[in-house]
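Here are my notes for you, one point at a time. Keep the viewer open and find each place as you read.

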Amino acid sequence: MEVVVAADPAGVARIGGEIVAGWLGPAPRGTLLAALGTSPLGVYDDLAARRVDGRLDTSRLRLVQLDEYLDVGDDDPRSLYGWLRRAVALPLGIPDERIVRMRGDDGDPDRAAAAWDAEVAAAGGIGVAVLGLGPNGHLGFNEPPSAADAPTRVVALADASLESNSRYWDATLPVPRRALTAGMRALLAARRTLLVVTGEHKREILGRTLDGAIDPWVPASLLRTAEAVTLVADAAALPGARSRRTVVA
């Protein structure tokens with residue numbers, strides 16, 4: 001895993017956007033799986049700015065949804081699809097028909113998971129994955145323990161995830177307790193992965209991700225077994241410098 005350190009979240013956004021834009025190339029035709037949450041949003045803002053000034057062509061790019069709460073409709077403030085459209089698809093000029101959806105409102109979540117897998121496969125797999133790091137080491141909603149071969153599936157959210165996600169909307173709206181998520185099997189198969197981590201509150205779990213055992217109890221640690229993974233973190237999140245890391249001001 002290549003590790004890049006930026007001074008602050010603004011640097012993370014700039015460097016992350018540069019890396020992803022380089023991976024996508026001048027005329028991308030592939031797929032971008034986009035995690036939501038605080039840390040990755042700046043990367044999408046940077047990509048959107050590149051699109052506006054002509055440095056990034058997204059006219060053939062397909063966007064892949066990572067996860068979705070069960071039984072939450074598109075018009076619900078908690079809809080992760082709605083958030084994905086606002087924060088990623090619209091700024092990147094990607095219409096709804098080029099979004100591979102995770103349908104938590106399908107009524108048959110096993111069917112919805114199978115449909116997501118099939119659509120991703122038909123699109124050629126996940127070309128670039130942008131992921132955030134959960135407070136307990138989850139990727140998407142792959143809560144611990146999640147093995148490397150964990151499929152796309154329904155999961156029960158851990159207390160740490162419920163607490164972390166409660167800040168994203170009005171306190172009167174409870175965090176749904178179950179969700180659909182792309183499985184570790186799908187995430188580890190991505191051809192290139194950017195893991196984006198910011199904030200001192202992520203320091204302990206990032207340390208376990210980088211330097212602890214490769215363990216289903218820290219699902220993000222499994223990225224160390226995958227090809228072409230780059231971590232971009234700010235100085236607050238990185239638990240101490242090491243010689244294998246590339247430090248960027």
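1. Let's begin with helix 1 and its buried side. The buried residues of helix 1 (residues 9-24) are Gly11, Val12, Ala13, Ile15, Gly16, Gly17, Ile19, Val20, Ala21, Trp23 and Leu24. Here "buried" means under 20% relative accessible area, "exposed" means over 50%, and "partly exposed" is in between, with a 1.4 Å probe and protein chains only. Helices (H or I, at least four residues) and strands (E, at least two) are DSSP runs, numbered from the N terminus.

2. A word on what you are looking at: this is a predicted model, in which local features need pLDDT of at least 70 and side-chain atom pairs count only at pLDDT 80 or more, while totals for chains, interfaces and linings use all residues. Residues are numbered from 1 along each chain as its sequence is written, and side-chain values use heavy atoms, with hydrogens and water left out.

3. What covers the buried residues of helix 1? The cover includes strand 1 (2-6), strand 2 (31-34), helix 2 (38-52), strand 6 (128-132), strand 9 (192-197) and strand 10 (229-234). Helix 1 itself has 16 residues and reaches 22 Å from its first C-alpha to its last, close to the 22 Å expected at 1.5 Å a residue; that expected span is 1.5 Å times one less than the number of residues. Just after helix 1 comes Gly25, with a positive phi of about 85°.

4. Now look at the core. In soluble globular proteins, nonpolar side chains tend to be buried together. The largest nonpolar core here has 82 residues, and those with the most contacts inside it are Val20, Leu33, Leu63, Tyr69, Trp116, Leu194 and Leu206. Such a core is a set of buried Ala, Val, Leu, Ile, Met, Phe, Trp, Tyr and Cys residues joined through side-chain atoms within 4.5 Å. Contact means heavy atoms within 4.5 Å.

5. How many aromatic pairs does a search of the whole structure find? There are 2 aromatic pairs. Rings of Phe, Tyr and Trp (its six-membered ring) pair if their centres lie within 6.5 Å; planes under 30 degrees apart count as stacked, over 60 as edge-to-face and the rest as tilted. The rings of Tyr69 and Phe141 have centres 5.6 Å apart and planes at 40°, so this pair is tilted. Tyr69 lies in strand 4 (residues 67-69) and Phe141 in the loop between strand 6 and strand 7 (153-156), so the pair ties together parts that are 72 residues apart in sequence. Tyr69 is buried at 1% relative accessible area, and Phe141 is buried at 4%.

6. Trp83 and Tyr168 also form a tilted aromatic pair, 5.0 Å centre to centre with 55° between the planes. Trp83 lies in helix 3 (residues 80-89) and Tyr168 in the loop between helix 5 (159-165) and strand 8 (178-181), so parts 85 residues apart in sequence are tied together. Trp83 is buried, with a relative accessible area of 18%, whereas Tyr168 is partly exposed at 27%.

7. Some backbone details deserve a look. Most residues other than glycine have a negative phi, and most peptide bonds are trans. Asp71 has a positive phi of about 60° although it is not a glycine; Asp71 is found in the loop between strand 4 and helix 3 and is exposed, with a relative accessible area of 63%. Ala228 has a positive phi near 50° and lies in the loop between helix 7 (203-211) and strand 10. The peptide bond from Pro144 to Pro145 is cis, with omega near -5°, and Pro145 is in the loop between strand 6 and strand 7.

8. Finally, zoom out. The chain has 7 helices and 11 strands. Its radius of gyration is 17 Å, close to the 18 Å that the globule rule gives for 249 residues, so the chain is as compact as a globular protein of that length. The radius is taken over C-alpha atoms, and the globule rule is 2.2 Å times the number of residues to the power 0.38. Buried residues make up 54% of the 249 residues in the chain.
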